Amino acid sequence: MRNSLKVAKWEMKRNLKNKSFMIGIFLTPVLFIGFMLIGSLFGGSEGEEAVTRVLVNDQLGVLDTLNETAEVLDLNIALEATDKSAAVMSEEIEGMENTAYVMLDDSALESGVFPVYTSDDVNSYFMNQLQALTTPLKTLQLQQLGLTEEETAAISQGLIFEEAAVSESAGEGEQEGTFSNEDTLKRIVPGAFGGIILLSIVFSGMYIFQSASQEKKDKVAEIMLSSLTPGELMQGKIIGYFGLGMVQLVVFLAFGIPFALWNLDIPLFEYLLVPELLLYIAIAVLGYFLYAALFVGVGATMADMSSAGNFQGLVMMLPFLPFLFIGPVVSDPSGLTAQIGSYVPFTAPGVLLLRLSMLDTWPWVEIIISLVILVISIWIFMKLAGKIFKTGILMYGKNATPQEIWKWIRA
Amino acid sequence: MEVFLKVGHLKKSFKNTEILKDISFEVNKGEIMAILGPNGAGKSTTIRNIMGIMYPDDGTVTFLGSKQIPRNKIGYLPEERGLYQNVQVMDILLYLAELKDYPIKKARERALAYLKKFGLEGKEKTTIDELSKGMGQKVQFIASIIHEPEFLILDEPFSGLDPVSQELFKQEIRDLAANGTAILLSSHQMNLVEEMCDRLFLIHRGQKVIYGKMDDVKQEYANFKCTIKGENRLEDMEGLPDVQRVEQRDDTTIMYLTKDIQVASWLKNLPDHIDVKELSIDRISLHEIFIDIATDKNMLKEGAETNA
């Protein structure tokens, strides 16, 4: 174990001294945030669209009520009184920008249709927003018909068909998602944090790949093995790159947390520092060890990165397997696909993190089964990786075929 | 002399081929023991079995009487060797010393001293990939001895070195042995082995061919040979006394003589009419013995049998 720690320390030190690694470690979050900023630049132009000026010839006396409604609903509309007639305005308005004209009079109220004249370049959402102002007009119409307030309220409430939840948890999940935004964030924040941990250590775990095959390329393995056992060397690498993943994580958070605090209007730490976080971190760490065992074993079978065979290439793709599950899991976090995803070792960490941050009540039995599967597969893969590593690391200059690997495993 | 390493009846097979067949030898403290053999004879396999990088099918390897490999007391320069490419010379030397539990401060001093000795002064901050092949070899050599090992295994230490560096390595290896280090050296360069080693173990196709003290081996196997340059008939030469075998090529005739001849009196047997442009008498070198064995001429065996 002591020797493993020496190897771990060395692997960390040597990578941290390596310029390309350091550039990578800082560039990733910078790029990430950079793309998010670009995204929000485009998104932002929609949110801050110019307010449409609406000139209202109000002969019904509802302008104040309309103004109130517009304010409550946060519409992008500024109402202004005018006494110009429709005939005059319909011509004048063509020369104006982002402006509309509405005539509110008894005849229109009776017919239920208020003609709107707009300038050419009016905001595309304007007509939709304007529809919201029909409610106070409707109320006025009903009052004129001489209905009591209760009657008015009853009528203006309207009727809808509502889907009753049959599958309890599924319904809950969706309702939570749509209705209480705050609660969702509360769960997503720690889940996302776990996801970031998983992602950054899985990425650095991919360096293990390189590191193990580099060992062969540099022909340094035999020198190492005169001081260490292959097991110690392998463990050292796994621990070392775990440490590097943590460094990557810290760098990521150093960029990410201030950015999130500045960009999202939520009490981030309050949401983050909850007991659930521990489980998320545990899942992420388990995920790392699984992939690390896989990578270190497969890395030892490759002469170098560029000559990876089909078999090795396939294994490299495994960490991206959970992405296939994102769609089905998001649409139904308790569905069959989601359950299968949590029971397959290679997708379990990703799918579990995703499910747990979406579900209101946690399916503890499933979580425990999934974790047990993970732990057992880590144990198995570590054993296998050890066997492959021991032989593979000394096989200089060529890739091992799956047949050979099978032979080493059985040896 | 105290025995450091004892290899007993080592056997190893890959698939169905026996690579090592009953290999036994010892390495004593303070001596340089050579393990020789043509390519594929089983030298590196033997060494890997000693280092615990491979496990023998049968046989024992003991260090100072114990089966446990004292990794910290062993220095190893493998045949297939290299160092991490993108790291600094001093960093890798200190890391390797640390793995051997050698005190860092002392390691740093020794590293600097050796770098200076090998003409690499001021290179401690250079990365390995900037070094030439020869420099890289020197660093690897330093790495194998930085922790003052009691037992040093050098697998082809001279390959790829220029004569000056070879001389440097040779001297350093001799000094280490003089200070009591047990050294197991594998090499193809027979002249170097002949000069340096106290004992040798010649292996061919996984089997022991010769094992003993260098001087004894020379005494026993290295008979005299007489080389004559000039136009001569083969029959004339074959008729001479104490000649085991004659080789003739162009105008050069080599006569391999039996053991225990008196050189001066044998020379008197040369007939007057032979054509001598040049004449030399010397012992068969280790190089010739080696080639002889590697090419299965079995001259030595015949020689030894006739001698017996």
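The points below comment on a predicted model with chains A and B.

1. Confidence in chain A. The mean pLDDT of chain A is 78, and 88% of its residues reach 70 or more.

2. An unreviewed UniProt entry gives the annotation "transmembrane region" to residues 21–42, 188–209, 238–257, 277–299, 311–330 and 362–382 of chain A. Two of these spans can be set against the model. Residues 238–257 of chain A are 100% helix and 0% strand, with the end C-alpha atoms 27 Å apart. For residues 362–382 of chain A the figures are 90% helix and 0% strand, and the end C-alpha atoms lie 30 Å apart.

3. Packing of H14(A) and H19(A). Two packed helices are described by the angle between their axes and the distance between the axes. Helix H14 (residues 276–299) of chain A packs against H19(A) at an angle of about 20°, and the axes are 8 Å apart. The angle falls under 35 degrees, so H14(A) and H19(A) are roughly parallel to each other. Their crossing is left-handed. On the H14(A) side the residues that meet H19(A) are Leu286(A), Phe289(A), Leu290(A), Ala293(A), Leu294(A), Val296(A) and Gly297(A). The residues they meet in H19(A) include Leu374(A), Ile378(A), Phe381(A), Ala385(A) and Phe389(A).

4. Packing of H16(A) and H18(A). The crossing of H16(A) and H18(A) is right-handed, whereas that of H14(A) and H19(A) is left-handed. H16(A) makes the contact through Pro322(A), Phe325(A), Ile326(A), Val329(A) and Val330(A), and H18(A) through Gly350(A), Val351(A), Leu354(A), Arg355(A) and Met358(A).

5. Surroundings of Ser4(A). Ser4(A) lies in helix H1 (residues 2–16) of chain A. It counts as buried because it has 20 C-beta neighbours inside 10 Å, and 20 or more is the cut-off for that class. Leaving aside neighbours within four places in sequence, Ser4(A) is in contact with Glu232(A), Gln235(A), Gly236(A) and Ile239(A). The C-alpha atom of Ser4(A) is also 8.4 Å from that of Gly231(A), a residue 227 places away along the chain.

6. Chain B as a whole. Chain B has 11 helices and 13 strands. Its C-alpha trace spans about 75 × 45 × 35 Å along the principal axes. Of its 308 residues, 35% count as buried. Among contacts in chain B between residues at least 6 apart in sequence, 70% join residues at least 24 apart.

7. UniProt, in an unreviewed entry, lists residues 5–230 of chain B as "domain: ABC transporter". Over these residues the chain is 34% helix and 29% strand, and the end C-alpha atoms are 51 Å apart.

8. Contact between the chains. 20 residues of chain B are in contact with 16 residues of chain A. On the chain B side, the elements that give two or more residues are strand E5 (74–77) and helix H2 (89–99). H2(B) gives the most, with four residues.

9. Positive phi values. Most residues other than glycine have a negative phi. With 18 C-beta neighbours inside 10 Å, Lys219(A) counts as partly exposed. Phi of Leu64(B) is near 50°, and Leu64(B) is in the loop between strand E4 (58–63) and E5 of chain B. Leu64(B) has 16 C-beta neighbours inside 10 Å and therefore counts as partly exposed.

Technical notes: Residues numbered from 1 in each chain as written. Chains lettered and ligands numbered in written order. Predicted model: local features only at pLDDT ≥ 70, side-chain atom pairs only at ≥ 80, totals over all residues. pLDDT = per-residue confidence, 0-100. UniProt positions renumbered as here; feature names shortened; annotations may be inferred. Buried ≥ 20, exposed ≤ 12 C-beta atoms within 10 Å, placed from the backbone. Contact = placed C-beta atoms within 7 Å. Axes fitted to C-alpha atoms, helices over the stretch in contact; angles between N-to-C directions. Parallel < 35°, antiparallel > 145°, perpendicular 65-115°, else oblique. Left-handed = near helix turned anticlockwise from the far one by under 90°.
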